[in-house]
Amino acid sequence: MKKINLAIVGVTGAVGQEFLKLIEERNFPFNNLKMLASSRSAGKKINFMGKEYTVEETTENSFDGVDIALFAGGKASKVFAPAAVKAGAVCIDNSSTFRMDPEVPLVVPEVNPQAIKRHKGIIANPNCSTIIMVMALKPLYDISKIKRVVVSTYQAVSGAGREGMDELKTQLDALANGTEIVPKVLPVASLDKHYQIASNLLPQIDIFMDNLYTKEEMKMIDETRKIMEDDAMKITATTVRVPVYRSHAESVNVEFYDEVSVESARAALEKFSGVIVRDNPVEMVYPQPLETSGKDAVEVGRIRKDFSVEHGLNFWCCGDQIRKGAALNALQIAEYLIANGD
């Protein structure tokens, strides 16, 4: 595979650090690597694959000679992705900035790789909970077109970044020691009001919209339709933050236009790349966040009929939010670009 010049924007954050792990694990082919971050992290030293790198502040001039730029997410994408494209790089972006732009492909490589070729310099990585769900929906959609999806998510604090993970640990320590808990990050760090996540659930991820859904819930709805290229698919979502460090879980109810048996659904999921079926109720085998943390695959289980509708199925799925839900998906897009000369 051809070697390229790579830049990682936001390298010191949770997703950026996961990029580094995956690049080494997957033997990703690069010649030169630029580690970029905000001015706060500039100058930091990172030892990676036997070499010491110095983190540089991201500027509009950071992308000369870069072939692919991986953006870990955040405000930097809106500011610097256009500059990276102008310099000749292809940007793979983890933020929500470009996801619903009709000129920007929104890609999960196992689901819609054909969209990659339509890029004009920027390719968007979907929301983490969307990625995990469409990995399970796609093989079922290939059996029968989907009429309606009802999803409830159980999302780990890793979705709020390193700060969310640190806050859960701090609060768990405080509970154990009997000291005061002062929430500062969840449900949304930028808001004035915060709630405890330890020993609690928060039915709010991101801000509320005028329609009373949260921004996270609307992301799942809009992004799923775009990825599946089916604007007629009816989707409703409730997203919930849970006191789990990493790996999101989702309860999904699907209504099809045609009959889809449990057996055919299981067979299709078992054949689908990137999915593992873990479904044996007799032996109490089903996906769990603890068991999927640090792993690449999306696991699916609890596959069963929904007897309340004519053509319905329920299933439960789990996937690591930082890996397949973010860094791995983006790196797979980059690998596709290299392998196909794009």
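Colleague: How do α3 and α6 lie to each other?
Modeller: This is a predicted model, in which local features need pLDDT of at least 70 and side-chain atom pairs count only at pLDDT 80 or more, while totals for chains, interfaces and linings use all residues. Helix α3 (residues 128-141) and helix α6 (residues 262-271) pack at an angle of about 120° with their axes 9 Å apart, where axes are lines fitted to C-alpha atoms, for helices over the stretch in contact, and angles run from 0 to 180 degrees between N-to-C directions. Helices (H or I, at least four residues) and strands (E, at least two) are DSSP runs numbered from the N terminus. Angles under 35 degrees count as roughly parallel, over 145 as roughly antiparallel, 65 to 115 as roughly perpendicular and the rest as oblique, and α3 and α6 are therefore oblique.

Colleague: How many nonpolar residues has the contact of α3 with α6?
Modeller: Residues are numbered from 1 along each chain as its sequence is written, and side-chain values use heavy atoms, with hydrogens and water left out. A136, P139 and L140 in α3 meet A265, A268 and L269 in α6, contact being heavy atoms within 4.5 Å. With Ala, Val, Leu, Ile, Met, Phe, Trp, Tyr, Cys and Pro counted as nonpolar, Asp, Glu, Lys and Arg as charged, and the others, Gly among them, as polar, this contact has no polar and no charged residues, and its nonpolar residues number six.

Colleague: Is the pair of F30 and F48 stacked, edge-to-face or tilted?
Modeller: Rings of Phe, Tyr and Trp (its six-membered ring) pair if their centres lie within 6.5 Å; planes under 30 degrees apart count as stacked, over 60 as edge-to-face and the rest as tilted. By this rule there are four aromatic pairs. The ring centres of F30 and F48 are 6.4 Å apart and the planes stand at 20°, so this pair is stacked.

Colleague: Which residue do ring pairs link with F30 and F48 into a cluster?
Modeller: F30 lies in strand β2 (residues 30-37) and F48 in strand β3 (residues 45-48), so their pair ties together parts that are 18 residues apart in sequence. Both F30 and F48 are buried, with buried meaning under 20% relative accessible area, exposed over 50% and partly exposed in between (1.4 Å probe, protein chains only). The residue that ring pairs link with F30 and F48 into a cluster is Y53.

Colleague: What relative accessible area has E57?
Modeller: E57 is found in strand β5 (residues 56-57). Leaving aside neighbours within four places in sequence, E57 is in contact with L36, A37, S38, S39, A42 and S62. E57 is partly exposed, with a relative accessible area of 42%.
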